[in-house]
Amino acid sequence: FNAVRIQTGAVAEFRELQMGEPLATVQPEAWEETADGVVVFLPQRVTRTRNVPVRVVFGTSVFTFAQTFETEVFDSDGDDLPQAVRPGDASVDISTNNLRVLAVESQTKVISNMRLTRSVFTPNSDGINDALQIDYDLFKIVGLVSARLGIYNLAGERLTTVDLGDQSAGPQRVQWDGRDRGGRVLPPGIYVAEIAVESESGTFRQMASIGVAY
């Protein structure tokens, strides 16, 4: 094989490739950072006669207490199916023999990193900035949870609720068209967007202020 694919369930950042005995940093032929992992192409093919250790160093986010990184190796120039990497003792230099990774840092929030594409948008149907995109991350979620988007005025009155369906741990993205529950475009002003999720351990919320202008 000459390529390693690691599926992390989130965006991964490639940092370093090491090969050989002893392990030494080498320049990969190429690498691809995907929405759910990373693929690294080796500068030299690993074969039965040249079976050298390979170490891929990367960074990613773990959205649950534990995450299994599904990994496979394959020949990018061949038609054979990829071969799954199984947990086990690679060598005495490796301190773990598991593909399951535990979160080192404790994430206390269930909803985190709420981000808006812009603080002010103009839902006037001119094709420019007509919708507001909201990105956020869900942590410590096991299975699926019900999520919703609520829009409030500064007096605390809920103007609309958007059912976001069932969501799982990881990055999420939703959009709002600037309309209330009756389908009317809201007048210019400052509003509050709230992401809320319902889980077995309670309801969790995060808010951000948004502006509507024309």
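With which side chain does the side chain of aspartate 135 make a polar contact of 2.6 Å? The partner is the side chain of arginine 173; a polar contact is a pair of N or O atoms within 3.5 Å, where, within protein, one atom must be able to donate a hydrogen and the other to accept it, and residues adjacent in sequence count only if both atoms are side-chain atoms.

The structure is a predicted model, in which local features need pLDDT of at least 70 and side-chain atom pairs count only at pLDDT 80 or more, while totals for chains, interfaces and linings use all residues. Residues are numbered from 1 along each chain as its sequence is written, and side-chain values use heavy atoms, with hydrogens and water left out.

Along the principal axes, the C-alpha atoms fill a box of roughly 70 × 40 × 30 Å. As an example of separation within the chain, the C-alpha atoms of leucine 99 and arginine 181 are 47 Å apart. Of the 214 residues, 36% count as buried (under 20% relative accessible area; exposed is over 50% and partly exposed lies in between, with a 1.4 Å probe and protein chains only).

Aspartate 135 lies in strand E13 and is buried, with a relative accessible area of 11%. A further polar contact, of 3.1 Å, joins its side chain to that of glutamine 133. Beyond residues up to four places away in sequence, aspartate 135 touches Asn113, Met114, Arg115, Gln172 and Arg173, contact meaning heavy atoms within 4.5 Å.

In soluble globular proteins, nonpolar side chains tend to be buried together. A nonpolar core is a set of buried Ala, Val, Leu, Ile, Met, Phe, Trp, Tyr and Cys residues joined through side-chain atoms within 4.5 Å. The largest such core in the model has 25 residues, of which Ile134, Tyr136, Leu149, Ile151, Trp176 and Ile195 touch the most other members. Among the elements that give two or more residues to this core are strand E13 (132-138), strand E14 (145-152) and strand E16 (170-176). A second, separate core of 15 residues includes Ile6, Ala12, Val46 and Val73. Tryptophan 176 is in contact with Phe121, Ala131, Leu132, Leu149, Ile151, Thr160, Val162, Leu186 and Ile210, leaving aside neighbours within four places in sequence.

Strand pairing was assigned where DSSP finds at least two bridges between two strands. Strand E1 (residues 3-7) pairs with strand E8 (residues 70-74) in the antiparallel sense over five bridges, and isoleucine 6 has threonine 71 in E8 as its bridge partner. E8 also pairs with strand E9 (residues 83-84), again antiparallel, over two bridges; here valine 73 stands opposite glutamine 83. Strands E4 (residues 30-34) and E5 (residues 37-41) run antiparallel and are joined by five bridges, forming a hairpin with two residues between them.

How values were computed
Helices (H or I, at least four residues) and strands (E, at least two) are DSSP runs, numbered from the N terminus.
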